[in-house]
Amino acid sequence: MDDLGKMMSVLLVLAASFPILLSAQEEAITEEKYEREELGVNPYTTPSIAQIFRQLDELKPLPFDQLKRDFPAPAAVNREHKGLIFGGLIADGFLIVDAERKNLIDELGRVLLKEARSLGVGDRVMRHSASLTELGRRGEWPAVRKELISTQTDVEKAMIDLRDQKMAHLISLGGWLRGLEICAGAVEANFSPARAKVLVQPELADYFREEVKTLPPTLANTPLIEKIRTALEKIRLVSDKVKQRELTHSDVRAIHEQARDINAAISRND
């Protein structure tokens, strides 16, 4: 990352004003945080799932049966694609935890571990997988939330250790897209202008659009990444409408459809 890129990354963090990012901005600057910024890893890249939990809490009760999906089937895809899938699984995890679905915790733990191994970070996730399963069976949901947060944090640390900031960005993008689909679906099912404000995240959409542009050409020009780029642009256009008026039910439906379609493409290996 060149000096201008580093400066823009820091400015993006300082300029962010969304509630889901406030706690990350208030953390004291440490040597580890400085290293993360040097690698381009900031509150947008692998953002704390704790922050997304708080966002979902604002939208309860969640219509779980409308928002759930089958876990992505194993596929022979490249590592970057697996990063997008892993991020989406983390988002699936917080939906399952928020809905307190004991019957899905075992499978979540297994799928997370399998995908983590394919990314080369299985050791980081193994103990979390066992703990998620045990805590979920006992219905200790606050503890399950903490364990899922720790899982995400350990994967981020693994990316830092590997100095693989692009993978951290893709994991974050996958999680954000699935999280956006969940939140938009919840707002569409129980619409109000106040609830719709949760979906207005233009800085995040812009951030990920710029990150997609920095991918190597062999990856950036694949059909999947091109679909993601187009979806991000459309989502950003809908968010822009809030400058003139509140988002309507139709606007929320458009965001939901864009996020749902691109997540389906990631799962299908389009």
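A helix here is a DSSP run of H or I at least four residues long, numbered from the N terminus. By that count, Thr-133 sits in helix 8, which covers residues 122-138. Keep in mind that this is a predicted model.

Is Thr-133 buried or exposed? Its relative accessibility is 13%, and since buried means under 20%, Thr-133 counts as buried. Leaving aside residues up to four places away in sequence, Thr-133 touches Ile-105 and Asp-106.

## Helix 6 against helix 9

Now for a helix pair. Helix 6 (residues 79-99) packs on helix 9 (residues 141-161) at an angle of about 165 degrees, and their axes lie 9 Å apart. Angles over 145 degrees count as roughly antiparallel, so that is the label for helix 6 relative to helix 9. The crossing of helix 6 past helix 9 is left-handed.

Which residues make the contact? From helix 6 come Arg-79, Phe-86, Ile-90, Gly-93, Phe-94, Val-97 and Asp-98. Helix 9 brings Trp-141, Val-144, Arg-145, Leu-148, Thr-151, Gln-152, Val-155 and Met-159. Sorted by type, the residues of this contact split into nine nonpolar, three polar and three charged.

## How confident is the predictor?

Across the protein chain, pLDDT averages 80, with 80% of the residues scoring at least 70. Confidence is highest in helix 5 (residues 64-67), at a mean of 95, and lowest in helix 2 (residues 19-26), at 35.

The stretch to watch is residues 1-32, where pLDDT is below 50. Beyond near neighbours in sequence, that stretch still has 37 contacts in the model.

Key:
Residues numbered from 1 in each chain as written. Predicted model: local features only at pLDDT ≥ 70, side-chain atom pairs only at ≥ 80, totals over all residues. Heavy atoms only, no water. Axes fitted to C-alpha atoms, helices over the stretch in contact; angles between N-to-C directions. Helix = DSSP H or I, 4+ residues; strand = E, 2+ residues; numbered from the N terminus. Parallel < 35°, antiparallel > 145°, perpendicular 65-115°, else oblique. Left-handed = near helix turned anticlockwise from the far one by under 90°. Contact = heavy atoms within 4.5 Å. Nonpolar A, V, L, I, M, F, W, Y, C, P; charged D, E, K, R; others polar. Buried < 20%, exposed > 50% of the residue type's maximum accessible area, 1.4 Å probe, protein only. pLDDT = per-residue confidence, 0-100.
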